[in-house]
Amino acid sequence: RREHPFIGCFTFEKGRPKMERIQRILMNPRYKALMNEIADKEATRIYCRHDMKHFLDVARIAHILNLEEALEIDKELIYATALLHDCGRHVEYESGTPHEIASGELSLPIMAECGFTDEETEQIRRGIIFHRNREAAAREPLSDVIYRADKLSRACFACEAADS
């Protein structure tokens with residue numbers, strides 16, 4: 001199986017938060033297994049993959065929107081939501097269950113194991129399940145920045161498969 005290439009990437013210089021719960025997500029065996037499932041299902045996909053590059057792009061864009069718009073959403077909640085928002089993607093390939101629903105469910109034990117409170121878990125879960133629904137996402141700041149960042153993270157115009 002693939003080893004996660006981004007482990008340790010959230011250890012910052014002095015005075016900056018380490019985002020320890022984000023580190024826990026990245027190290028979590030359930031999370032790693034889900035990432036491997038997605039990678040296996042998307043190995044021959046010609047379109048953008050749902051991989052760590054995508055998850056981190058969504059996190060960074062969402063965090064930039066948060067800062068630019070002074071929304072004051074906790075950075076760790078943004079990163080957790082972005083890392084988990086497509087974690088059930090393989091379920092959609094297997095059963096047709098919408099991946100946002102599968103991701104919302106599959107992320108619950110991961111968040112519990114990584115130290116998120118019940119309130120934080122519910123915020124993150126709602127960000128995950130609304131990340132494809134513009135109207136629902138617009139009602140909550142975290143859901144909204146994840147929705148917009150997910151859309152902004154894809155450069156479809158520059159894709160080799162754009163014609164298809």
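1. A salt bridge here means a side-chain nitrogen of Lys or Arg within 4 Å of a carboxyl oxygen of Asp or Glu. Keep that cut-off in mind for Asp150: this residue is buried but has no salt bridge, and the nearest side chain of opposite charge, Lys151, sits 4.4 Å away. Bear in mind too that this is a predicted model.

2. So what does Asp150 pair with? Its side chain makes a polar contact of 3.1 Å with the side chain of His54. Asp150 belongs to helix H9, residues 141–152. Leaving out residues up to four places away in sequence, Asp150 touches His54, Val58, His85 and His131.

3. Val58 and Val145 are 87 residues apart in sequence, yet their C-alphas are 9.0 Å apart in space.

4. Now for helix H6, residues 99–113. Its 15 residues reach 21 Å from first C-alpha to last, close to the 21 Å expected. There's still a bend of about 30° at Ser107, with Pro109 following within four residues. After the helix comes Gly115, with a positive phi near 90°.

5. Which residues of H6 are buried? Among them are His99, Glu100, Ser103, Ser107 and Met111. The cover over the buried residues of H6 includes helices H1 (20–27), H2 (29–41), H4 (75–84), H5 (89–95) and H7 (118–129).

Terms used: Residues are numbered from 1 along each chain as its sequence is written. This is a predicted model: local features need pLDDT of at least 70, side-chain atom pairs count only at pLDDT 80 or more; totals for chains, interfaces and linings use all residues. Side-chain values use heavy atoms; hydrogens and water are left out. Helices (H or I, at least four residues) and strands (E, at least two) are DSSP runs, numbered from the N terminus. Buried means under 20% relative accessible area, exposed over 50%, partly exposed in between (1.4 Å probe, protein chains only). Lys and Arg count as positive and Asp and Glu as negative; His and the chain ends are not counted. A polar contact is a pair of N or O atoms within 3.5 Å; within protein, one must be able to donate a hydrogen and the other to accept it, and residues adjacent in sequence count only if both atoms are side-chain atoms. Contact means heavy atoms within 4.5 Å. The expected span of a helix is 1.5 Å times one less than its number of residues. The bend at a residue is the angle between axes fitted to the seven residues ending there and the seven starting there.
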